[in-house]
Every structure is written in C-alpha cells, then in structure tokens.
Amino acid sequence: MLFDKIKEAIRRIEVASQTKSLRVISHFDTDGVTSAAIFSRALARWGKSFSMEIVKSLDEDFVKGIGEKDVLIFLDLASGSLDYLKDKKTEVFVFDHHEIVQEVPSNVFMVNPSYEKEENLCSATICYLFAKELSNVNKDLANLAVIGTVGDIMDKNYGKVFSSVLSDAETTVKKGILLYPSTRPLDKALEYSSQPYIPGVSGSRTGALGLLRDAGIESDGGKYKALYELNDEEMGRLITAILLKSKSEVNEEGLVGNLFLVKFFNKLEDARELSASINACSRMDSPEIALGFCMGNKYCKEEAEKVYITYKQSLVAALKYVSESEKVEGKDYMIINARDRIKDTIIGTVASILSHSPLYKEGLVIVALSYNEDKIKVSARIAGRQGRNLRELLHRVVVPIGGEVGGHPNAAGCLISRGAEDKFIEELRKVLDVEVVKV
Ligand SMILES: [Mn+2]
C-alpha cells in the first residue's frame, strides 16, 4: 500500500537524518517543482536540515557524480535510473510515479503508486500525502499538489485519493473548455489563446467578439465574464460555437475537461495558468524562481510573471524563426534544424505547437533539432492525430549513431551527440523516405 510506504519512509528518514543531512533532488517540470516546494516546506517544519536541487534530467554522469555522505531523496525522477543508484553506499528514497523498468535495489526505498499498482498520482500528490502524514499543518500545501497534477496532465479520470487532495485544497472544480486562464474575461482569453487554436478567433479581437455573439454571451457594459463564471447553459453554447468554428481541427474530447481554481497568494487562480508559468520559469533556466514562487515568495512571484512573458515571447520568436528558416522537407516530413536559434528546453513545445497548427496536413512528421551544449535535443511530433510510430522511427535512426530515445508513438525525442548532426539528418531522411515507399 502506498500509505504504508509513506509511513515507513517517514520512519526511515527520521532514523537516517539523525546522523546525516538530506540531499533532495527534483525534476524541473511543474510536477517536480511543486513536489520540491511541498517537500521543502514539510522538511523545514519537521526540523530537518536539507539541501534542494532542481535538475533537467538524471543522466548517468550526474548520478555517478553524486556523493554518498548525505541521504539521497529523489522527487519525480529516478525510477528509470535505479541501475545507477544501486552502488550508492547511503540510503536512497524515491518519491515518483514514473514506470519502474529495472529491479529496485536493496538500498533504495521506493514510494511509487505504479509500483503498488494503485491510483495513478503525480509526484506532487505523493509528496503532499507524505507532508500531510507528517502533520496536518501541511494541509496548506494541497494547492501545490493540484497544480502539479494539472502540470502532468493527470487531471482527467482521477480517483479517491486525488479527490481528497482537491477537498483539502478547497479547489473549485468545474467542467468546461480547457482554455486558460479561465479567470480572465472571455474576450481576452479567446483572443490570446493558441491552445486550443481556434481558426479566425485566436489572434483576432473581432473573431473573439463574433464567437461570443454566436454563443449568445453578452458583455456587461463591455466587460465579459470569465470562463469559470459561466453557467452550464452558457458553457454549452460556447462549446458548440467553438466546435462549429473549428470544424475538424479541434475535437470535443480534447476541448472539454476539468477547470481547477485554487487559492494562490490569496487569490483564486486557474491551476493551468500557474502550471504554465512554473513550467516557463524552468524552461527559461530559472527553476529557482519557480520554486520560490511555489513557496509563496513575493519577489519570485513578480519575477515569475516577467519570465512567463519572456517565455511566451521566445515561443513566438521561435515559431517565426521556423516559418522563415530553411527546412529539410520530404513528401511526408519536415526537419527543422534550429541549432542554437531555439533553446533545447522549448524545442519540444515548438514542435507540439506546429503539430497542432492547421497549416500542416494530417500525419506529417515534424522533427526539430536544437543544441544543448555538446549534445543535440531532438523532438518529433505528428501533425494532427495519427501517423507513424515516432518512437520506433527515432529508435531505428539512433541505434547506429548512439543516444537515448524516449516518449510515445506520437511524441518522441532523443539526445544525440553534436558530432552526429549530419549523420543523424542523413539517416533520418533515409528512414523517412523508405517509409514513404512502403506506404
Ligand atoms: Mn511527474
């Protein structure tokens, strides 16, 4: 049982921390940062001395370089790095939800719902359950678990455990369009929305006002309601109006979901918007700002707002670069080699946005490359909803070159060495061209 594991972890950390410091390492995405914030607060209230680090990933060299004088605690990562941890001569704790692919070594204590085959929870929720078990005072951290869950897109078919977290956080849950922030007046929210992209509405003030008119949603002296303020009937009409405008480009299943409103800095905020700004800070190399923001630091909140704006601008600049740059194009594929013109931390998001754009035909393979020091980050996406298996495709190209492939059939990525740039593109083209012949 996960709950038993949490209790046991508390007992073991209590013992280990009598003689050693705690070194906590967490992941840089929203779930990892919210996990880190919950854990930091909980450990401080418990009176433990600890250090906290936020990392982009756990590669072999990094793990091997970690010393053994402290107790090691990993949040939202390490379930895939167990082989590198088995030789550490210190206690290791893993609070994670990723799939465990190797055997759990005897020095590692695993707190992972997938290991227990229980309700799927994100790391922030696991950390929250740990914090709440330590003390009920930590119930004020429940909102962070909600934000982490939204960040990992695990907010759809949740179960009993997450429901209790929602009630601890006093979250307002509402069925509606996944357009954020749902706290912003609708005319603005629609005009500035890129995901979902609504043709003729996204980026157009006239289009946004026209859509609201079609849906029969009126302003009160020029001021529109926010999405979360709509009643069921208005929400229904708005969904219909958007579906009519989008034709096949937006499907109802992806458009409608749960809106979560959480208290943050004493204001009601859309968890999706908070998640996006935390994610933006990390992607812009400022995970410490994201962490401070989650921990209630006012200065970090202001900085996070600035970084979020810069992030959105750099996405726009990246998309502009893509539209103007020379691409390697084939019948059913497009390769964008951005080199150092687009950050490796946003190249995946750029590829995702392109894949949702109505400019590209269904099934087009989009592969984008960006430098990351001596490596190259590769992100592959399928335009539309179906096409080839990208993970398999990348795997075939990478095997002779060397590198690790991760992801899913329709969104995959890999890391290769800078020296393999030309070879990778050449091999990729070969594989992609052959596929075309096969079809
Ligand atoms: Mn996670």
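A crossing of two helices is called left-handed if the near helix is turned anticlockwise from the far one by less than a right angle, and right-handed if it is turned clockwise. In this structure, helix 15 passes helix 16 in a right-handed crossing, where helices (H or I, at least four residues) and strands (E, at least two) are DSSP runs numbered from the N terminus. The structure is a predicted model, in which local features need pLDDT of at least 70 and side-chain atom pairs count only at pLDDT 80 or more, while totals for chains, interfaces and linings use all residues. Residues are numbered from 1 along each chain as its sequence is written.

**Domains**

- The domain assignment of the chain, with bounds that come from an automatic or database assignment, gives domain 1 (2–168), domain 2 (174–315) and domain 3 (325–438).
- The C-alpha centres of domain 1 and domain 2 lie 30 Å apart, and the contact between these two domains takes 18 residues from domain 1 and 18 residues from domain 2, where two residues are in contact if their C-beta atoms, placed from the backbone, lie within 7 Å.
- On the side of domain 1 that touches domain 2, helix 2 (30–46) and helix 7 (142–151) each supply at least two residues, and helix 2 gives the most, with 7 residues.
- By class, that side of domain 1 has 9 nonpolar, 5 polar and 4 charged residues, where Ala, Val, Leu, Ile, Met, Phe, Trp, Tyr, Cys and Pro count as nonpolar, Asp, Glu, Lys and Arg as charged, and the others, Gly among them, as polar.

**Packed helices**

- Two packed helices are described by the angle between their axes and the distance between the axes; the axes are lines fitted to C-alpha atoms, for helices over the stretch in contact, and angles run from 0 to 180 degrees between N-to-C directions.
- Helix 15 (residues 298–324) and helix 16 (residues 347–356) pack at an angle of about 65°, and their axes are 10 Å apart.
- In this pair, Leu 315, Ala 318, Leu 319 and Val 322 of helix 15 meet Thr 349, Val 350, Ile 353 and Leu 354 of helix 16, and the residues of the contact divide into 7 nonpolar, 1 polar and no charged.
- Helix 7 and helix 8 (residues 160–168) pack at an angle of about 130°, with their axes 8 Å apart, and that makes helix 7 oblique to helix 8 (angles under 35 degrees count as roughly parallel, over 145 as roughly antiparallel, 65 to 115 as roughly perpendicular and the rest as oblique).
- Helix 7 passes helix 8 in a left-handed crossing, and the contact is made by Ala 142, Ala 145, Val 146 and Thr 149 of helix 7 together with Phe 162, Val 165, Leu 166 and Asp 168 of helix 8.
- The residues of the contact of helix 7 with helix 8 divide into 6 nonpolar, 1 polar and 1 charged.
- Helix 13 (residues 271–283) and helix 14 (residues 287–294) pack at an angle of about 150°, with their axes 6 Å apart, and they are therefore roughly antiparallel to each other.
- Ile 278, Cys 281 and Ser 282 in helix 13 meet Pro 287, Ile 289, Ala 290, Phe 293 and Cys 294 in helix 14, a contact that by class has 7 nonpolar, 1 polar and no charged residues.

**Backbone features in loops**

- Most residues other than glycine have a negative phi, and most peptide bonds are trans.
- A cis peptide bond, with omega of about -5°, joins Tyr 180 and Pro 181, and Pro 181 has its place in the loop between strand 6 (172–177) and helix 9.
- Phe 265, although it is not a glycine, has a positive phi of about 50°, and this residue lies in the loop between strand 7 (256–264) and strand 8 (267–270).
- Phe 265 is exposed, because 11 other C-beta atoms lie within 10 Å (a residue is buried if 20 or more other C-beta atoms lie within 10 Å of its own, exposed if 12 or fewer, and partly exposed in between, with C-beta atoms placed from the backbone).
- Arg 339, in the loop between strand 10 (333–337) and helix 16, has a positive phi near 45°, and it is partly exposed, with 13 other C-beta atoms within 10 Å.

**Two residues within helices**

- Glu 191 lies in helix 9 (residues 186–191) and is partly exposed, with 19 other C-beta atoms within 10 Å.
- Leaving aside its neighbours within four places in sequence, Glu 191 is in contact with Gly 203, Ser 204, Arg 205 and Ala 208.
- Ala 276, found in helix 13, counts as partly exposed with 19 C-beta neighbours inside 10 Å.
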